[in-house]
Amino acid sequence: MSELPSSTRAKRPEFRNINAFKDLPTYRMTVAAIVSILHRGSGLFMFLLMPFIIWMFDTSVSSEYSFARFTSAFNHGIGFVPGFIVKLAALLLIWSYLHHFFAGLRHIRMDLFHTVSKEAGRSTAQWTLVLSLGLTVVFGAKLFGLY
């Protein structure tokens, strides 16, 4: 493969120092970058709320009394935390799981087929957002008793 002489190639911009106040507000991230960042954030969120997940699972399957406590936590709250906040935490966990699942499938697809293009990256990122947010709305409507 022959390379063009450096005099005929277009000069690429060189970025050495990024000023957080000047450069970052004008930087526009792609949908794929946003999905990638949200994938990491959703994994971290699920990890940090693991005690809440374990508590929910334990109290929901231990006995009839603990299941009644579990439903009471969602309806009336836990201590000083109102039930609405418990439901919001559960809704955020639902979104985290769904987003992490679909973004993981997206990454597995990219790893298996080794065909990554801007168009495919953009469309799979958009599908990841649409599916995760759409299913979150459906499950959230059920969680908040809309149907």
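Student: What volume does the largest pocket have?
Tutor: Happy to start there! This is a predicted model, in which local features need pLDDT of at least 70, side-chain atom pairs count only at pLDDT 80 or more, and totals for chains, interfaces and linings use all residues. Residues are numbered from 1 along each chain as its sequence is written, and side-chain values use heavy atoms, without hydrogens and water. A pocket is an open set of points on a 1 Å grid over the protein atoms alone, where a 1.4 Å probe fits, with protein on both sides within 12 Å along at least five of seven lines. Counting the space filled by probe spheres set on points joined across faces, edges and corners, the largest pocket has a volume of about 220 Å³.

Student: Which element gives the largest share of the lining of the largest pocket?
Tutor: The lining (residues with an atom within 4 Å of a point) is made of Arg28, Met29, Thr30, Val31, Ala32, Lys118, Gly121 and Arg122. Two elements give two or more residues to it, α1 and α5 (118-143); helices are DSSP runs of H or I with at least four residues, numbered from the N terminus. The largest share, three residues, comes from α5.

Student: How many charged residues does that lining have?
Tutor: Asp, Glu, Lys and Arg count as charged; Ala, Val, Leu, Ile, Met, Phe, Trp, Tyr, Cys and Pro as nonpolar; the others, Gly among them, as polar. By class, the lining holds three nonpolar residues and two polar ones, and its charged residues number three.

Student: Is Val31 buried, partly exposed or exposed?
Tutor: Val31 sits in helix α1, and its C-alpha atom is 21 Å from that of Ile94, 63 residues apart along the chain. Buried means under 20% relative accessible area and exposed over 50%, with a 1.4 Å probe and protein chains only. Val31 has 27%, so it is partly exposed.

Student: And Phe74, is it buried or exposed?
Tutor: Phe74 belongs to helix α3 (residues 64-76). Its C-alpha lies 31 Å from that of Trp127, 53 residues apart in sequence. Because its relative accessible area is 10%, Phe74 is buried.

Student: What is the relative accessibility of Pro51?
Tutor: Pro51 is part of helix α2 (residues 50-61), and Ile85 is 34 residues apart from Pro51 in sequence and 16 Å apart in space, C-alpha to C-alpha. Pro51 counts as exposed, with a relative accessibility of 57%.
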